[in-house]
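This briefing concerns the structure shown below.

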Amino acid sequence: MTRSAFRLTLMSLAVMSASITAANAQGVLNLYNWGNYTPPELLEKFTAETGIRVTLTDFDSNETALTRVRQGGHGFDIVVPSNNVIPVWIEEGLIQPLDLSVVTNFDNIAPQWVDVPFDPGREYTVPWAWGTTGVIVNTSLYDGDINTSDIFLNPPPALQGRVNVIPEMSDIITMAIYAAGGESCTTDRDVLRTVRDTLVSAKQHWIAMDYGTVDAYAAGDIGAGVYWNGASMRARLQNSDLAYGYPQEGFPVWMDNAAVLTDAPNPEAAMKFINFILEPEHAAMISNYARYSNGILGSEAYLDPEMKGAPEIDVPDALVGAGRFSESCSAEATNIYTQIWTELLQ
Amino acid sequence: MARDFSINRLPGFASVAILTFFLLYLPIFTLVVFSFNEAASMSRWEGFSLKWYEAAFQNRQVRDVSIRSLWLAATAASFATILATLAALGTTRTSKFKGQTMIYALINQPLMVPEIVTGVALLIFFAAIKVQTGYTGMGYLVAAHTAFCIPFAYLPIRARLETMDNTLEIAAADLYAGPIKTFVHITLPLLLPGIFAGLMLGFVISLDAVVITEFVKSAGQDTLPTYMLGQLRRVVTPEMNAIATLFLLLSVLAVTIFFVLSRKRA
Amino acid sequence: MDDMAGNKTEQATEIKETPKRHLWNWILCAPALTVLVFAASGPLLIVLVYSFLAPGSFGGITWSFSLEGWFRVFFSRDIFDPEIVSLNTAHLTIFWRSISLSLQTTIICAILGFPTAWFIATRPQHTRNIWLFLITIPFWTNLLIRTFAIQEVIRNQGLINTTLIRFGFIDTPIQMMYTDFAIFLGMAYVFLPLMVLPLYAAMDKLDIRYLEAGYDLYASRWQVLRHIILPLVKPGFIAGSILVFIPSIGAYVTPRLLGGGRSMMLGNLIELQFGQGRNWPLGSALALTMLVLVVGALVLYIRTVNREEEPRHG
């Protein structure tokens, strides 16, 4: 009994190991990106055009990606961090400047996304996708104004006990700071006192602090919540009662950006890939897959029809000003935020 | 109703066991059914469809991570079981010896720290080795998973050894059987249920080990759990139900083959 | 901790107890220890060192000695007036929540797992392995997928509620998602095989003659269970509770997905420090505190269990 089982194990091991360890061959590009963010068609097309095979590895948070790359020995060529951590990547010399002789499509980046605070003049990074963090509301439960952070900070009676809040410390604290009239990353104690009190008293109206699946919103398990625009759009396509709101008190705008790592094993291929995703058609592939905007001129023409003019994608003119780039806060601010967060969730 | 007076029967136990099995399989049943759902939603049924299986098969990443997970779990669990069996033999049925306490502490240590801590520690340590040696293969993941599985494999094997009396082994020794012969023909067969339990535990533990993998993996070494982790904040598609169903099918298949083979030998 | 060897084995063993045998013990353990030191315990020393350093500006550490991490495990400075130092009740609350959740999970797993293991161990020899596999098959699916599947069963429009409504037992769905019930269901689900398998491994070898002897002496089923079966499967039971109790202290995915995650678990708290909180020294100190707690609980548990047994053998 054991012997046969053992032989079987050995056999299957031999068969499998062939397909496991083929990652570091020549002409392979290693992409390190957020999970479920990279359309397979995009990679296939890149391979078809250049002969370079792409291996995709996922990360689940900016902190994990930064820690992982900082320690070295990772084998990645391209990484896609969010705007708020880009300065850290640049400062620590983890990513290298763009090689404009290869990245000839640089001018396709929409002008408003070139001179960005986190990478002035785009010396290191190019846009992958951008979006907003706002609120989602089931309008069959509540049909009042949804462009306000009161949806989760001071929910109307119809939504009390049905609100879900994503367990993202920086997003939630930042939105509460905006609602209290402060600036992001503030260390102003008066503002932060209001923030803490608001959050603590709001928590009793929350049913959960979870990432909340699209299904949970669509099926009505959750009545409202803090959510990202792309995910919100997916939920609305399943249930038309759902609407996305942009809090007028202020809401975070974020952008994920592709960059080539300083210790990339294959920087030439990496620059080619960077150039490849700046083609409008390819940028649109990314948008259609992840349901987020991309910041590349001319990509609109290739967008799926349901993305064009979608309320989750086009920020209403009146509310554009309320959107602010999220920042990476000082150690002091983060320290206080962590304490507030721990107190909130204790 | 006259019942046999079975020595083994304990009142209510069978009902609890059946209830347990029912609870175990209710979500699994839902998952399998919804993997055949036409709709992209997991909450509405819109008719039978195989499209999620098709999608899963066509997605190279999903295919790669599934195979890698199975391979890693099989490898790590096998290593862990072998090492744990040896260690169990070395630590049971013996008088106290110097360093025994330390051995227990070491064996059980991976259980006692949250995965994130082991993950960070391993990341820093392995990254240094990776930079020094230039080797970035699967060896690190195998080592990390093996270490993580050892306590899970060790405990059932030791529990088995402790309830085993050694009359037979002493008898064999009396009949001048050498220690190796005694081990192969007496101890090992008696120990098998424990080894088997340990192997299964190690396998499922490795299949689920997500945080450690996330920190140890190098380029191109995603496993199914780390792939799922990336989806957690976004959208979980029924594709995942299809993959899960295939894993279940595979486990049933493995079990069947195992039984056919063991029947033949018996 | 040394008592985990189970002192019972000492009386049972007659294999020669010489220094040579002890050398063999070490040789047998050496391969496992090597792997463990290389890929688990050794790197953990890094965590110990980090807990005495100052946090880096964006994660990581800076190389200067600091006790701030350890201080903050137990004490907190008031956010609005750093002069005020008090006991860190938030951390204590979270510690206690995780420990009590683990205890309850262990108890639930024991209540469900013991009869299940017994049921399997008393099947005819050739079908036992099939039942054993039936226990582990659900665990071939990923933890997250399994948890989502449980959501599908207990949500308001889920399998249970729709079935109950269809047959007219209830009019409005029972709220099961985001309750403590959901957490316990999910935790028991995740950890059940860790209880059943070691219990089974111990029961399988149980000598049936002991039970016969018990019944011959007119013992009731309850007495047989209490005085014969339980003591004999105790090693399996100890192994099972350890395997369930310890990992469930660090668990946080299940409480978040099923319980709603409005209250932090120890696992979240530590993850927060290594992630968004960017305070690795505090995270390291919290993790080591948890390690000490767990080891303490284990020693206490094993002492208690073994003491109970003493009179019977003495």
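Two residues are taken to be in contact if their C-beta atoms, placed from the backbone, lie within 7 Å. The model is predicted. In chain A, the cover over the buried residues of α10(A) includes β1 (28-34), α2 (40-50), β3 (78-79), β5 (125-138), β10 (251-261) and α11 (280-290).

**Helix α10 of chain A**

- Helix α10 of chain A spans residues 267-277.
- Its buried residues are A:A269, A:A270, A:M271, A:F273, A:I274, A:N275 and A:I277.

**Contact between chains A and C**

- Chain A contributes 31 residues to this contact, and chain C contributes 30 residues.
- On the side of chain A that touches chain C, at least two residues come from each of α3 (62-70), α6 (169-179), α7 (189-203), β7 (206-208) and α13 (331-345).
- Helix α13(A) provides the largest share of that side, with nine residues.
- By class, the side of chain A that touches chain C comprises 14 nonpolar, nine polar and eight charged residues.

**Helix packing in chain B**

- Helix α3 (residues 60-91) and helix α8 (residues 179-208) of chain B pack at an angle of about 140°, and their axes are 8 Å apart.
- Because of this angle, α3(B) is oblique to α8(B).
- The crossing of α3(B) and α8(B) is right-handed.
- Residues of α3(B) in the contact include B:S69, B:L72, B:A73 and B:A84, while those of α8(B) include B:I195, B:G198, B:F203 and B:L207.
- The contact of α3(B) with α8(B) has eleven nonpolar and six polar residues, but no charged residues.

Methods
Residues are numbered from 1 along each chain as its sequence is written. Chains are lettered from A and ligands numbered from 1 in the order in which they are written. This is a predicted model: local features need pLDDT of at least 70, side-chain atom pairs count only at pLDDT 80 or more; totals for chains, interfaces and linings use all residues. Helices (H or I, at least four residues) and strands (E, at least two) are DSSP runs, numbered from the N terminus. Ala, Val, Leu, Ile, Met, Phe, Trp, Tyr, Cys and Pro count as nonpolar, Asp, Glu, Lys and Arg as charged, and the others, Gly among them, as polar. Axes are lines fitted to C-alpha atoms, for helices over the stretch in contact, and angles run from 0 to 180 degrees between N-to-C directions. Angles under 35 degrees count as roughly parallel, over 145 as roughly antiparallel, 65 to 115 as roughly perpendicular and the rest as oblique. A crossing is left-handed if the near helix is turned anticlockwise from the far one by less than a right angle, and right-handed if clockwise. A residue is buried if 20 or more other C-beta atoms lie within 10 Å of its own, exposed if 12 or fewer, and partly exposed in between; C-beta atoms are placed from the backbone.
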